[in-house]
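Here's a quick tour of a protein model for someone who likes to know the cut-offs. Have a look at the fold first, then read on.

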Amino acid sequence: MKKYGAWPALFLAGVLAAGCGVYNYRVRVNGYTEPAAPAIHPGSSFFVIANKDAKNPLLEREVQEKIEKLLQRQGYQPAPYEKAEYYLLFSYGLGGEAGATVVMPDYDTYAGFGIGTGYWGRYASIFVGPYFSFPLSGEAVALYDRWLLIKVVDGNYYRDQGQFRTVWVGEARSTGASSDLRTILNYLLVADFKEFGKNTGKAVTLEISEPEPGVFGLAPPK
């Protein structure tokens, strides 16, 4: 009878340990401020504008509600369109930032929604307790560029002048194997709001873990 020794048990322990670990999302955030515009002061009022022509209006509404929740967590106040000090516009997608242009009519605002493409290679998988997989040798694993763009514009200036005055732009980007944008957006949102209103000067890399307190309450109920 052939003896295998202790290595299978060690391998199994390693697989189980890998499955039990906490996954961290690496998100790169770039924050830009307009030098001539006043800083966003604490307690400011916001109106969050969704894209009424979004390809997935239900996802668009989810993201809008999450942004409203994050604003209130940081002490900002919701306000109607006619009274808000700031308008917040957002766009997101997989791949390049196609369609990120925003056009502002009298009330409804369009925020672009970009979707890219990706192709998966074949996978060899081991099912021992938690799922663990690895790509077959020589085959590329598809990586997706997941992005979120937030723009804050001066509401009073727009109502008076009819023109944009952007006071802050926050870019959040993450690259990974998951194309589940609905889930990834939670981590992009939390990362963007960690730098909300700031001029980062360069891209800042943040580690957002799955049990991150800021993510709690953003995932939709099952």
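## Ground rules

This is a predicted model, so local features need pLDDT of at least 70 and side-chain atom pairs count only at pLDDT 80 or more, while totals for chains, interfaces and linings use all residues. Residues are numbered from 1 along each chain as its sequence is written, and side-chain values use heavy atoms, with hydrogens and water left out.

## The chain as a whole

The protein chain has four helices and 12 strands. Those are DSSP runs numbered from the N terminus, with helices (H or I) of at least four residues and strands (E) of at least two. Of the 222 residues, 39% are buried; buried means under 20% relative accessible area, exposed means over 50%, and partly exposed is in between (1.4 Å probe, protein chains only).

Take contacts between residues at least 6 apart in sequence: 74% of them join residues at least 24 apart. A contact here is heavy atoms within 4.5 Å. The chain exposes about 12500 Å², with carbon and sulfur atoms supplying 57% of that; areas come from the Shrake-Rupley method with a 1.4 Å probe, and for residues only the protein chains shown count as cover.

Helix H2 covers residues 57-73, and its 17 residues reach 24 Å from first C-alpha to last, close to the 24 Å expected at 1.5 Å a residue. That expected span is 1.5 Å times one less than the number of residues. At the start of H2, a side-chain oxygen of Asn 56 comes within 3.2 Å of the backbone nitrogen of Leu 58. After the helix comes Gly 75, with a positive phi near 90 degrees. Buried residues of H2 include Leu 59, Val 63, Ile 67, Leu 70 and Leu 71, but also Glu 62 and Lys 66. The buried residues of H2 pack against strand E2 (45-49), strand E4 (86-94) and helix H4 (181-194).

H4 has 14 residues and spans 20 Å between its end C-alphas, close to the 20 Å expected. Because 11 of its 14 residues are buried, H4 is largely enclosed by the rest of the structure. Among them are Leu 181, Ile 184, Asn 186, Asp 192 and Phe 193. The buried residues of H4 pack against E1, H2, E4, E10, E11 and E12.

## The nonpolar cores

Which residues touch the most other members of the largest nonpolar core? Of its 38 residues, they are Ile 40, Phe 46, Ile 67, Leu 71, Leu 88, Val 152 and Phe 196. The elements giving two or more residues to this core are strand E1 (24-33), E2, H2, E4, strand E10 (144-154), strand E11 (166-176), H4 and strand E12 (204-209). H4 gives the largest share, nine residues. A nonpolar core is a set of buried Ala, Val, Leu, Ile, Met, Phe, Trp, Tyr and Cys residues joined through side-chain atoms within 4.5 Å.

Leaving aside neighbours within four places in sequence, Ile 40 is in contact with Phe 46, Tyr 76, Tyr 86, Val 152, Val 167, Trp 168, Phe 196 and Gly 197. Apart from this core lies another, of nine residues, among them Phe 47, Tyr 87, Leu 89 and Tyr 158.

## Val 169 in its strand

Val 169 sits in strand E11 and is buried, at 17% relative accessible area. Not counting residues up to four places away, Val 169 touches Asn 30, Gly 31, Tyr 32, Leu 149, Ile 150 and Lys 151. Its C-alpha is 8.0 Å from that of Gly 197, which is 28 residues away along the chain.

## Salt bridges

The structure holds eight salt bridges, each being a side-chain nitrogen of Lys or Arg within 4 Å of a carboxyl oxygen of Asp or Glu. Glu 207 and Arg 26 make one of them, at 2.6 Å from N to O. Glu 207 lies in E12 and Arg 26 in E1, so the pair ties together parts that are 181 residues apart in sequence. Glu 207 is partly exposed, at 42% relative accessibility.

Arg 165 and Asp 154 also pair up, with the closest N and O atoms 3.8 Å apart. Arg 165 lies in the loop between helix H3 (155-161) and E11 and Asp 154 in E10, so this bridge links parts 11 residues apart in sequence. Arg 165 is partly exposed at 26%, whereas Asp 154 is buried at 12%. Finally, salt bridges that share partners join Glu 62, Lys 66 and Arg 182 into one network.

Notes. Polar contact = N/O pair within 3.5 Å; in protein donor to acceptor, adjacent residues only side chain to side chain.
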